Amino acid sequence: MKIAFTGKGGVGKTTLASTLARLYADEGRPVLAADVDPDANLGLALGLTEEEVNAIVPVSKMKELAKERTAANASNTFYKLNPQVSDLPDKLSKDINGVKLLVMGTVDTGGSGCVCPEHVMLKAILSSLVFRKDDVVIMDMEAGLEHLGRGTASMMDQFIVVIEPGARSVQTYGRIKELAKDIGVTKVRVVANKVRDASDEEFVRTHIPPEDLLGMIHYNAEVIDADRKGLSPYDLSPKAVEEIRAIKAVIDSQE
């Protein structure tokens with residue numbers, strides 16, 4: 001199972017991705033969670049401390065490793081486009097609560113000259129995750145639609161778009177579904193987050209096709225408190241965990 005979580009910023013992608021990762025890990029399944037968001041928060045949501053998160057060096061910052069794996073010359077003008085990277089997810093990930101966390105980061109092009117080897121290595125690693133046939137791979141994507149244009153997650157089994165009950169969020173889901181089709185991802189599902197009441201539920205059901213709707217997560221102050229404290233919502237909000245467990249059951253039934 002290979003899932004990429006996407007949607008607008010602040011809708012709750014990381015809460016859903018981290019909780020699902022831990023639920024699968026609780027079952028004894030091998031889980032690799034890749035944080036592809038430049039504003040990396042998945043580690044905190046999985047249960048790492050802020051100090052532990054700050055100590056992680058994103059893969060995008062490992063320039064010497066990128067040069068080594070791509071065999072780049074001194075000026076980065078010649079390099080391999082298909083470097084061997086299948087060993088790197090295990091070597092570079094950090095184990096937390098049964099989940100292997102891989103912090104990808106992003107490549108900073110400002111004033112740094114040619115960064116092609118880093119781009120090549122990042123894309124190669126992300127592509128290699130698809131071939132971990134026994135693993136649940138969960139990819140927490142950056143906010144917005146740029147990654148779809150780059151095809152970063154084009155080999156994933158499905159996208160799960162996290163939305164809020166509002167017109168702009170629903171519009172984002174529609175755009176993601178269109179762009180996903182362009183890169184060959186035909187399964188695009190939706191989870192509605194921060195649902196307050198019956199009118200919000202009705203809005204979601206009215207605007208999302210029933211076959212695409214995996215479930216809803218209701219507005220929950222415990223999740224907000226966990227975020228403020230830099231703690232895992234899995235450890236602080238039993239209600240949210242149970243709602244996400246129900247969503248997981250739907251995902252499993254469609255696998």
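Which strands does α6 lie across, and at about what angle does α6 run to β5? In this predicted model, α6 lies across β1, β2, β4 and β5, and its direction makes an angle of about 140° with that of β5. Helix α1, comprising residues 13-26, lies across β1 (2-6), β2, β4, β5, β6, β7 and β8, and runs at about 165° to β5.

The strands belong to an open sheet of 8 strands with mixed pairing, arranged in the order β3-β4-β2-β5-β1-β6-β7-β8. Because β3 (94-96) and β8 stand at the edges and each has a single partner strand, one side of each is left without a neighbour in the sheet. On average, and with direction ignored, neighbouring strands of this sheet are turned by 25° against each other. Within the sheet, β2 and β4 (residues 99-103) run parallel and are joined by 5 bridges; D35 has V103 as its bridge partner in β4.

The largest nonpolar core contains 39 residues, and those with the most contacts inside it are M104, M121, I125, L129, M139, I163 and I208. At least two residues of this core are supplied by each of β2 (31-35), α4 (63-70), α6 (116-129), β5 (136-140), β6 (158-163), α8 (167-182), β7 (188-195) and β8 (213-218), with the largest share, 6 residues, coming from α6. When neighbours within four places in sequence are left aside, M121 is in contact with V59, M62, L65, A66, R69, V85 and L88. Apart from this core lies another, of 33 residues, which includes F5, Y24, I217 and V241.

Notes
Residues numbered from 1 in each chain as written. Predicted model: local features only at pLDDT ≥ 70, side-chain atom pairs only at ≥ 80, totals over all residues. Heavy atoms only, no water. Core = buried A, V, L, I, M, F, W, Y, C linked by side-chain atoms within 4.5 Å. Buried < 20%, exposed > 50% of the residue type's maximum accessible area, 1.4 Å probe, protein only. Helix = DSSP H or I, 4+ residues; strand = E, 2+ residues; numbered from the N terminus. Contact = heavy atoms within 4.5 Å. Pairing = 2+ DSSP bridges. Axes fitted to C-alpha atoms, helices over the stretch in contact; angles between N-to-C directions.
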